[in-house]
Amino acid sequence: MPRGRFITLEGGEGTGKSTQARRLAERLRALGREVVSTREPGGSEGAETLRGLLLQGGEERWSALSETLLMYAARRDHLEKTIRPALARGAWVISDRFLDSTRAYQGAGGGAPEGLIAALEKHVVGDDLPDLTLVLDVPVEIGLQRAGARTALDRIEARDGGFHQRLRTAFLQIAASEPLRCFLIDAEPPPDEVAASIWSAMQARLGVSA
Ligand code: T5A
């Protein structure tokens, strides 16, 4: 069985990742593919438990360094229990966030050491980098407005505008520095237009048809 494909969606708050991850999964399933839809932090039983610890509570609950270690504990469980078995049986995996979120949120946003994050990527993710990372970009104020209209903000979402601006810059830099893996998507237009841009990226990068 050939290995499946691993697709991640990244970006700041309210950029429309969950909406587009759902639509992309539906479109691939309609073509007859097995699709595993998952998310981070989370995506396996252990990682979902860690998600609760990470996103609830006050701002001071964890430092950026502790968040990095917890995110990577969750990511290892997610990879071992969900992502690697799915790819091995030929399924396509779509993850709402993955390793670029740690680079942006804990690294660029929170100041956790880049060297530590790089070492964790190497030891935990290894060769299982995404085949395609869709980096969804909208101006910070639009993203926060969308996220705030949907639910109460969690402890990470509630950080100040300067933090979210650093995230946006970091995601743009990641997209520019890894052009073979990443594809930058203008996520400001209505959902149908964003979905069309994403499908074009899927055709160009992964050769999907229809
Ligand atoms: N985190 C995660 C880290 O700090 N480090 C890490 O390593 C990882 C993996 C996860 C949090 O964890 C942090 C980042 C996050 O703060 P979450 O609850 O999973 O939190 O939330 P987010 O991933 O941030 O996702 P959001 O739900 O905030 O936003 P999405 O998924 O980008 O947006 P979505 O699709 O839910 O849409 C939000 C609203 O906008 C509307 C939708 O209908 C919805 O109401 N919308 C649009 N409106 C207009 N035009 C469009 N094109 C729209 N697309 C969606």
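## The cavity

On a 1 Å grid over the protein atoms alone, a cavity is a set of points where a 1.4 Å probe fits but cannot get out, and its lining residues have an atom within 4 Å of a point. The model is predicted, so local features need pLDDT of at least 70 and side-chain atom pairs count only at pLDDT 80 or more, while totals for chains, interfaces and linings use all residues. Residues are numbered from 1 along each chain as its sequence is written, and side-chain values use heavy atoms, with hydrogens and water left out.

The search of the whole structure finds 1 cavity of 30 Å³ or more. The largest cavity holds about 120 Å³ of space, a volume being the space filled by probe spheres set on the grid points, which are joined across faces, edges and corners. Its lining comprises 15 residues, and Gly-12, Glu-13, Thr-15, Val-138 and Val-140 lie nearest the centre.

## Contributions to the lining

Helices (H or I, at least four residues) and strands (E, at least two) are DSSP runs, numbered from the N terminus. Helix 7 gives the most to the lining of the largest cavity, with 4 residues. By class, the lining has 7 nonpolar, 5 polar and 3 charged residues, where Ala, Val, Leu, Ile, Met, Phe, Trp, Tyr, Cys and Pro count as nonpolar, Asp, Glu, Lys and Arg as charged, and the others, Gly among them, as polar.

## Helix 3 and helix 5

The axes of helix 3 (residues 64–88) and helix 5 (residues 114–125) come within 10 Å and cross at roughly 15°, with axes taken as lines fitted to C-alpha atoms over the stretch in contact and angles running from 0 to 180 degrees between N-to-C directions. Helix 3 is therefore roughly parallel to helix 5, a term for angles under 35 degrees.

In contact (heavy atoms within 4.5 Å), residues of helix 3 including Leu-65, Tyr-72 and Arg-84 meet residues of helix 5, among them Leu-116, Glu-121 and Val-125. The residues of this contact divide into 9 nonpolar, 1 polar and 4 charged.

Key: On a 1 Å grid over the protein atoms alone, a cavity is a set of points where a 1.4 Å probe fits but cannot get out, and a pocket is an open set with protein on both sides within 12 Å along at least five of seven lines; lining residues have an atom within 4 Å of a point. Angles under 35 degrees count as roughly parallel, over 145 as roughly antiparallel, 65 to 115 as roughly perpendicular and the rest as oblique.
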